[in-house]
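The sequence and the structure are shown first, and the description follows.

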Amino acid sequence: MPPVDSVTVHRPRRWDEPMDPHMTDADVDWLLARMPFAGLDASQFPKSIPLDGVLKNDCRLHRFSPGQVIVREGDYANSAFLVLEGNAELITRPLPPDVLGRREVEKRSWPEALWQFLRPSGVRESRSPEDVTPDVELHDRPGTDHLPAASSDKSNHSGGEAETQPTLFLQDFGGLVRAGQTARLVAGELFGEVATMLRGPHGATVVAGENATLLEIRLQGLKMLQRDTAFAERMEEHYREHWLAIHLKEIPLLRFVPESNLRNVVEHTQLRSFGRLQWNADYSKTRKLSPAEQIESEPIVAREGHHVTDLIIVRSGFGRVCQNYGSAQRTTAYLGKGHVFGLEEITLSVTGGNGSPMPLQHSLRAVGFLDTLHIPVECFAREVLPHIRRSELPPNAAEAMLHSPSTAKSRERRALKRARSDSDLVSSVSGNEEASGTNVQAKAWDDLPSPTGTSFEPTGLLEFIVQNRYNNGRQAMIIDLHRCTRCDDCVKACADVHDGNPRFARVGNHHERLQFVEACMHCTDPVCMIGCPTGALHRDEATGLVRISENICIGCGVCAKGCPYDNIEMVAVSDPKGRPFLDVKSKQPITKATKCDMCSGLPSGPACAAACPHDALVRIDLSESPPLEDWLRRRT
């Protein structure tokens with residue numbers, strides 16, 4: 001019997017909010033009669049999450065018109081698309097940002113920047129009309145009245161939120177097809193699944209062709225569909241065939257592996273993931289735990305003291321490297337994309353440098369979400385290890401490799417291949433520069449990140465950075481409180497650049513003398529970008545900055561809700577005369593997402609850092625340790 005003072009409520013269920021509230025049983029029956037769903041084994045799905053429930057609640061039907069953009073290169077993915085009828089065209093060459101609706105930031109000259117400083121507009125968040133309206137063709141997302149089973153009892157079941165989400169039409173789409181600059185995707189083909197599973201950007205723009213009927217499958221549904229063994233095997237085989245070799249080649253440690261060896265590595269590599277992809281939902285809770293409690297709450301990937309079985313490569317997300325310290329554990333490093341775990345133990349075990357197989361000296365845990373590739377020890381030792389440069393191995397492992405029983409002839413052969421590879425790379429890096437081979441080679445390879453992770457000398461600082469997920473930041477704002485006089489010149493400079501409305505406040509978490517300010521960090525894993533219906537929030541490929549194309553921002557607030565650091569704000573905008581912009585239909589104020597843009601249009605760079613009279617503020621990359629360590633060392 002419940003206590004007298006209890007409150008009775010409905011327990012939230014997984015499908016309280018379906019992806020498409022207008023999906024009907026008739027639509028689901030139509031899908032179940034078509035491949036690949038007709039071939040799935042419904043018994044492999046749990047009773048609480050049946051196959052028909054996945055299709056009804058985790059999917060959305062679309063009918064696109066020819067030339068309508070389905071996904072856009074650079075947009076972060078949260079769902080995959082299956083072609084049901086007709087076809088789609090994958091654009092095989094990069095398209096200019098303006099063609100995709102994105103407006104590039106124009107750099108202002110010094111005189112223009114000075115004039116803006118001397119003659120501010122005086123209007124908070126002022127915009128010119130062309131900045132609040134799109135300069136590309138946008139249309140409301142069409143309905144799904146194309147289904148034979150559904151059309152008999154309703155003419156159109158699209159509505160609600162779906163009608164308010166505009167989509168983009170690509171100009172001169174037919175010309176791209178005629179020029180052979182597209183690849184056709186036909187019925188039965190799935191695309192966007194790799195970017196969705198890795199929560200990464202789409203690698204190409206896909207545009208609807210003739211009679212294009214597609215099923216959008218969000219990540220949760222995609223993962224459930226993989227409960228069917230055959231469906232999961234097809235997805236994995238597709239990834240192995242088209243993407244795995246590409247991802248392995250991006251790992252600096254594997255860049256000298258010959259193609260024949262790489263094929264064997266692809267065949268034996270296992271794909272695994274740990275933790276929750278929506279880590280931002282748990283962020284506010286886990287950051288309040290003590291470091292020891294937070295470490296214990298994180299999924300274990302590999303445990304200290306166990307025998308090493310695989311070389312683990314981080315494909316996406318973050319991992320924490322920790323070690324037993326008394327009755328608890330302490331963090332020694334964190335891993336990001338491209339980092340590896342277990343390299344030293346494998347090398348010493350294989351070469352006999354330790355006399356016997358060496359157990360793991362650290363544990364690896366998933367920080368939020370971690371997606372990994374696992375290369376078995378035997379495969380790594382046979383196909384990869386002979387082609388790794390000793391300079392890229394940990395010192396003990398490099399010493400063991402140097403004295404391993406390999407013959408001088410094999411070492412000479414490897415050295416010759418590496419010299420050729422170095423020569424090719426140096427040529428591509430140096431261009432027409434005339435420099436010595438040693439200097440150019442240093443230019444080519446010295447800036448490679450450490451393959452075994454990022455660590456800081458002060459352990460407490462490392463714990464603080466990982467606990468608050470600041471290692472996600474590529475442009476974090478840090479203030480040295482020993483130098484800061486609280487003059488707020490940084491905030492005033494930001495306000496001067498952004499129409500009197502600064503993009504940050506001088507507040508944030510402290511660690512000893514450092515304050516980590518609440519300003520957009522232009523994250524490595526920008527979860528704010530997921531769900532943006534128009535792709536207004538995107539990463540600039542040239543600079544890596546996360547930018548907002550305000551002309552196509554519809555003010556929905558999805559990005560502001562998704563940012564785990566609360567660094568995005570929705571604001572109402574006005575014209576230069578102070579008159580608010582209103583929507584033609586609803587007469588409601590036009591709102592736009594705003595955040596730190598690193599003062600991209602200014603010749604001086606970030607105004608906050610340039611205005612600090614005491615060199616107390618810095619914008620810095622926390623995904624690697626050297627930038628912050630060097631900055632701290634100069635202050636001691």
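Two strands are said to pair if DSSP finds at least two bridges between them. Helices (H or I, at least four residues) and strands (E, at least two) are DSSP runs, numbered from the N terminus. This is a predicted model, in which local features need pLDDT of at least 70 and side-chain atom pairs count only at pLDDT 80 or more, while totals for chains, interfaces and linings use all residues. Residues are numbered from 1 along each chain as its sequence is written, and side-chain values use heavy atoms, with hydrogens and water left out.

## Overview

The protein chain contains 22 helices and 24 strands. Of its 636 residues, 50% count as buried, where buried means under 20% relative accessible area, exposed means over 50% and partly exposed lies in between (1.4 Å probe, protein chains only). Contact means heavy atoms within 4.5 Å. Among contacts between residues at least 6 apart in sequence, 79% join residues at least 24 apart.

Strand β10 spans residues 212-218, and seven of its seven residues are buried. In a regular strand the side chains alternate between the two faces of the sheet. Both faces of β10 are covered: A212, L214, E216 and R218 are buried on one side, and T213, L215 and I217 are buried on the other.

Strand β1 (residues 59-64) pairs with β10 in the antiparallel sense over six bridges, and F64 has A212 as its bridge partner in β10. Strand β3 (residues 79-85) also pairs with β10 in the antiparallel sense, over six bridges. Here L82 stands opposite L215.

| Strand | Partner | Sense | Bridges |
|---|---|---|---|
| β1 (residues 59-64) | β10 | antiparallel | six bridges |
| β3 (residues 79-85) | β10 | antiparallel | six bridges |
| β4 (residues 87-91) | β7 | antiparallel | five bridges |

## A four-stranded open sheet

Four strands form an open sheet in the order β2-β9-β4-β7, with antiparallel pairing. The edge strands, β2 and β7 (182-186), each pair on one side only. From one strand to the next the twist averages 35°. Within this sheet, E89 of β4 stands opposite R184 in β7.

The loop between β2 (69-71) and β3 holds R72. Is R72 buried or exposed? Its relative accessibility is 6%, so R72 counts as buried. Leaving aside neighbours within four places in sequence, R72 is in contact with L100, G101, R102, L168, H202, A204, T205, T534, G535 and I552.

## Helices α10 and α14

Axes are lines fitted to C-alpha atoms, for helices over the stretch in contact, and angles run from 0 to 180 degrees between N-to-C directions. The axes of helix α10 (residues 259-268) and helix α14 (residues 377-384) come within 9 Å and cross at roughly 170°. The two helices are therefore roughly antiparallel to each other; angles under 35 degrees count as roughly parallel, over 145 as roughly antiparallel, 65 to 115 as roughly perpendicular and the rest as oblique.

In this contact, N261, N264, V265 and H268 of α10 meet C379, R382, E383 and V384 of α14. These residues divide into three nonpolar, three polar and two charged. Ala, Val, Leu, Ile, Met, Phe, Trp, Tyr, Cys and Pro count as nonpolar, Asp, Glu, Lys and Arg as charged, and the others, Gly among them, as polar.

## Nonpolar cores

A nonpolar core is a set of buried Ala, Val, Leu, Ile, Met, Phe, Trp, Tyr and Cys residues joined through side-chain atoms within 4.5 Å. The largest has 42 residues, of which L248, L364 and F380 touch the most other members. Beyond its neighbours within four places in sequence, L364 is in contact with residues including P299, I300, V301, I312, L335, F341 and L370. A second, separate core of 39 residues includes F464, V527, Y565 and L628.

In helix α19 (residues 489-497), the buried residues are C490, V491, A493, C494, A495 and V497. The loop between α19 and β18 (505-511) contains D499, and H498 is found in that loop as well.

H498 counts as buried because its relative accessibility is 8%. Not counting residues up to four places away in sequence, H498 touches E125, R503, D597 and C599. D499, at 22% relative accessibility, counts as partly exposed. D499 takes a positive phi of about 55°. The C-alpha atoms of D499 and V123 are separated by 6.3 Å, although the two residues are 376 residues apart along the chain.
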